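Please open the structure in your viewer and follow the stops below in order. Each stop names what to select and then describes what is there.

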Amino acid sequence: MITSIAWKNVWRNKTRSLVVIFAVIFGMFGGIFSSAVMTGMVELRIKKALQNEVPHILIRHKDFVANKELKYYINNADSIIEIVKGVEGVKNCSRRTDIIAMANTAKAASGVMVFGVDTMLEKKVCMLYKTICDTCGNYLTKSNQIVIGKRLASKIKAKVKSKIVLTLQSTDGNLTGGVFRVAGIFETKNAAFDEGNVYLLNSSLCNLINFDENNAHEISVMIKNLEELDNIQASIKAKLPNNYEVVTWKQLQPETAGMSDMMDVMLYITIGIILLALGFGIINTMLMAVLERVKELGMLMAIGMNKLKVFKMIMFETIMLTLTGGAIGLIVTYFIVLYYGHVGLDLGFLGNGYEAFGFDSVINPKLDGEFYFVVTILVILTGVLASIYPALKALKLNPVEAIRADN
Amino acid sequence: MKIIEVKDLKKIYKDGDIEVNAVNGINLTINQGEFVAVVGPSGSGKTTFLNMVGGLDSPTEGEIIVDNVNVSSLKGSQLIDFRMNNIGFVFQSYNLIPVLTAKENIEFVMHLQGKSKKERDKRAMELLDAVGLGDRADSRPSKLSGGQQQRVAVARALASKPKFILADEPTANLDSKTTAVLLDIMEKLNKDENITFVFSTHDPRVMKKARRIVTIEDGVIISDNIVKKE
């Protein structure tokens, strides 16, 4: 009966309760939806990074990363690939030759990282070729071709079929260069990546810098199941000589990998701040509800309602008020997140800004069930905490004085 | 049979250095089945006296014994339970719970007592019938007239099967006709079921019905008259 009275009391002043309920609904929607958008952005960023920018696992000479010197290479890369392919969970491998170079057109120049790739193998581990649009040319097929990013093309004023001169250092330490035609222009939505990386056929690059084609600077590994990342990394490491380093995409792009954890913290902080603000609003409303019922509360205490029951009644009222708004807010937001998760939320008007940080402008908001569960617990907790002060205020009433109060 | 026994009851309020003797040594015995009006001018101490008898306020000195229990020695939850099980309250402004129906208002105190739903339903309907509101069981207080609300309040006061009913100016907000109906109901309950009523009032209509009139002035009883033989 206490629960029933508490529920009826919530609707005693409909306008006031509805104001609080709508505040909770909009607060929940704002917090959860923006969290879902942020989560969607991060997931998309990670997905794109894994498709186009970093392999799941990378094998390289342990000194190569620090010096980027040609001499730190993987000897007889094919034999290493064979070993790696024998590890359970490995799907595909590709080999690359890496070198820093200067890319020049007649109008501008820019420093780039040049990757020499074997087209057939590369397409099995890196989906970069899919980001070349229909009007932006093709992936590498000929020895004099180069594939560049859209941002670099814009910077050095290059188009498909434009000539680009690469100036680089050969293995003997001499400066060398080559002229390449732009075969295709890729666009990953990561402006920094698109500006800093170009691709040649491995044979062309090796020929240019006088590098043995049997060797490579890195081997990219795609695995079947990302959940097994750490295990597969350990298995590969165990099978390779000590002078080779086996790193995961999380080690290659710690800022991208860290986004997910950081985002989780940010989401809870955002929701926490919203609930804190809502909590104060709820305290205010419940305090009003208690103060305008002084006489009634006095009567209840007089006829035998003990303090625990009075406390419970006020607490139930507060929790019900909070949960009504919270539940509606959660359900509404859930379906809106589901809808935009399906059709995508186009933040095109902010696109350039997002792309500078590697984010796509079309986001698919997403949240997992655990987040909704935690938010539900937080809403209940807010209700409980917000009820304490008004309930204590009710307990301090003296029945004799309360019964004679004006209200 | 003695139902209420008040011995040397005093209540002193302190306002800074000033002491106010609201009740200044009252001795009174009320027996089962009495229909008593406690009268007196405003500020005479009758409400303070009734609050102490009802266990809502504690005396500075003296004892209140209700059915062999020293009420003045009870504290906290013991006192709340005592009030719930032994005293029925009727207030001047009805004080029904506005979100509950008439029947639910009557049931509420029985719910606090832990009575079963079946028992609550049965007694609530019996009491509503007794106060002539059996057909308004599902009406909320806002849909009832003042007199009807006060009749529900009387039914609620009786719901816990108390030793006596304390009614603080129960007719103050009612017109003559409604007052007459309410007093007739209370008189009938008193006669038929031997329920003890103690009123605080200065309504002559109540005094006319009362069979004992206790007059309090300046915190003491100045007269205690049996006006009709039982």
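Begin by selecting B:Asn68, which counts as exposed because its relative accessibility is 75%, over the 50% cut-off. The model in view is predicted. B:Asn68 sits in the loop that joins β4 (61-66) to β5 (69-70) of chain B. Its backbone also deserves attention: B:Asn68 is not a glycine, yet its phi is positive, at about 70 degrees. Most residues other than glycine have a negative phi.

Next, select B:Lys161. This residue belongs to the loop between α5 (146-159) and β7 (164-168) of chain B. Is B:Lys161 buried or exposed? With a relative accessible area of 53%, B:Lys161 is exposed. Here too phi is positive, about 55 degrees, although B:Lys161 is not a glycine.

Then consider the interior: 56% of the 230 residues of chain B count as buried. Among contacts in chain B with a separation of 6 or more, 69% come from residues 24 or more positions apart.

Finally, display the surface of chain B. Colouring by charge shows 32 positive and 31 negative charges, whose mean positions are 5 Å apart.

Key:
Residues numbered from 1 in each chain as written. Chains lettered and ligands numbered in written order. Predicted model: local features only at pLDDT ≥ 70, side-chain atom pairs only at ≥ 80, totals over all residues. Heavy atoms only, no water. Buried < 20%, exposed > 50% of the residue type's maximum accessible area, 1.4 Å probe, protein only. Contact = heavy atoms within 4.5 Å. Lys, Arg positive; Asp, Glu negative; His and termini not counted. Charge placed at Lys NZ, Arg CZ, Asp CG, Glu CD. Helix = DSSP H or I, 4+ residues; strand = E, 2+ residues; numbered from the N terminus.
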